[in-house]
Amino acid sequence: MQLPFFQTLPSFDVLPAHRFEQFYDEPEPPLTYLLGCFTPDGLHLQLRAYEGPNFHSYFCFTVLSGKKLCFSKNIFPGRPDPTLHSTPISGENLIGKYWGTEIFVPYTLCSPPISGIIGLFHDDIPLCFLHDDMENSHQYPQVSFIPEPHPAPSSAENPIKIH
């Protein structure tokens with residue numbers, strides 16, 4: 001999955017949304033999206049589930065660097081994780097009420113190639129997953145995060161320093 005590259009983090013509202021795919025037939029999952037981009041510092045993601053915050057719902061978030069496990073966390077509505085660069089979010093827009101989290105994965109923690117397994121669960125039942133391949137599989141789908149090609153900064157943007 002290609003994500004845009006920016007020199008600084010823009011508002012998540014201007015980033016493309018990637019919809020999670022339903023994993024099982026029942027129960028019906030809420031609309032769930034990932035918005036994200038790369039910056040020179042790392043990977044920035046926002047996860048949104050369009051439902052009222054629910055004590056029984058949570059995101060399962062696993063990040064890999066190549067074949068190395070960087071971390072695996074369960075992210076609950078309104079609960080920040082002090083061991084992860086995350087910020088709980090909630091709000092309402094034209095689609096409806098949502099909850100979720102903003103997550104920053106610095107390159108110092110997890111270097112490229114970066115991939116992840118991201119799903120929305122309810123009472124330990126997997127509802128939907130981020131999926132970049134429409135083929136069904138019996139295992140949880142793993143998505144590679146790839147920055148879109150971006151031009152190298154010009155000499156005016158990256159001046160040479162003389163000491």
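These legends accompany close-up views of a predicted model.

View 1. The predicted model has 0 helices and 12 strands. Along the sequence the pattern reads β-β-β-β-β-β-β-β-β-β-β-β. The chain has 163 residues, and 44% of them count as buried. Its accessible surface is about 9600 Å², with 54% belonging to carbon and sulfur atoms. Among contacts with a separation of 6 or more, 60% join residues 24 or more positions apart.

**View 2. Five strands form an open sheet.** The order across this sheet of 5 strands is E2-E4-E5-E9-E8, and the pairing is antiparallel. Strand E2 (17-19) and strand E8 (85-92) are the edge strands, each pairing on one side only. From one strand to the next, the twist averages 25 degrees. Strands of a sheet pair through backbone hydrogen bonds, either parallel or antiparallel.

**View 3. Strand E9 pairs with E5.** Strand E5 covers residues 42-49 and strand E9 covers residues 97-106. The two run antiparallel and are joined by 8 bridges. Leu-45 stands opposite Ile-103 in E9. Ala-49 stands opposite Trp-99 in E9. Is E9 enclosed or open to the outside? Of its 10 residues, 7 are buried, so E9 is largely enclosed by the rest of the structure.

**View 4. E8 and E9 make a hairpin.** These strands pair in the antiparallel sense, over 8 bridges. Pro-88 has Thr-101 in E9 as its bridge partner. The hairpin leaves 4 residues between E8 and E9. Gly-96 sits in the turn and has a positive phi of about 145 degrees.

**View 5. E12 pairs with E1 and with E10.** Strand E1 (residues 2-3) runs parallel to E12, and 2 bridges join them. Leu-3 has Pro-147 in E12 as its bridge partner. The pairing of E10 and E12 is antiparallel, over 3 bridges. Here Gly-116 stands opposite Val-143 in E12.

View 6. In soluble globular proteins, nonpolar side chains tend to be buried together.

**View 7. Leu-34 has contacts along much of the listed sequence range from Met-1 to Phe-145**. Neighbours within four places in sequence are left aside here. Contacts of Leu-34 include Met-1, Leu-3, Pro-16, Ala-17, His-18 and Phe-20. Leu-45, Gln-46 and Leu-47 are also among its contacts.

**View 8. Phe-20 and Phe-59 form an edge-to-face pair**. The structure holds 12 aromatic pairs. In this one, the ring centres lie 6.1 Å apart and the planes meet at 65 degrees, so the pair is edge-to-face; the cut-off is over 60 degrees. Phe-20 lies in the loop between E2 and strand E3 (21-22), while Phe-59 lies in strand E6. The pair therefore ties together parts that are 39 residues apart in sequence.

**View 9. Tyr-58 and Phe-76 form a tilted pair**. Their rings lie 5.0 Å apart, centre to centre, with 40 degrees between the planes. Tyr-58 is in strand E6 and Phe-76 is in the loop between E7 and E8, so the pair ties together parts 18 residues apart in sequence. Tyr-58 counts as buried at 8% relative accessibility. Phe-76, at 22%, counts as partly exposed. Both belong to a cluster linked by ring pairs. Phe-23, Phe-121, Phe-129 and Tyr-140 are also in this cluster.

Note on methods: Residues are numbered from 1 along each chain as its sequence is written. This is a predicted model: local features need pLDDT of at least 70, side-chain atom pairs count only at pLDDT 80 or more; totals for chains, interfaces and linings use all residues. Side-chain values use heavy atoms; hydrogens and water are left out. Buried means under 20% relative accessible area, exposed over 50%, partly exposed in between (1.4 Å probe, protein chains only). Contact means heavy atoms within 4.5 Å. Accessible areas come from the Shrake-Rupley method with a 1.4 Å probe; for residues, only the protein chains shown count as cover. Two strands pair if DSSP finds at least two bridges between them. Axes are lines fitted to C-alpha atoms, for helices over the stretch in contact, and angles run from 0 to 180 degrees between N-to-C directions. Rings of Phe, Tyr and Trp (its six-membered ring) pair if their centres lie within 6.5 Å; planes under 30 degrees apart count as stacked, over 60 as edge-to-face and the rest as tilted.
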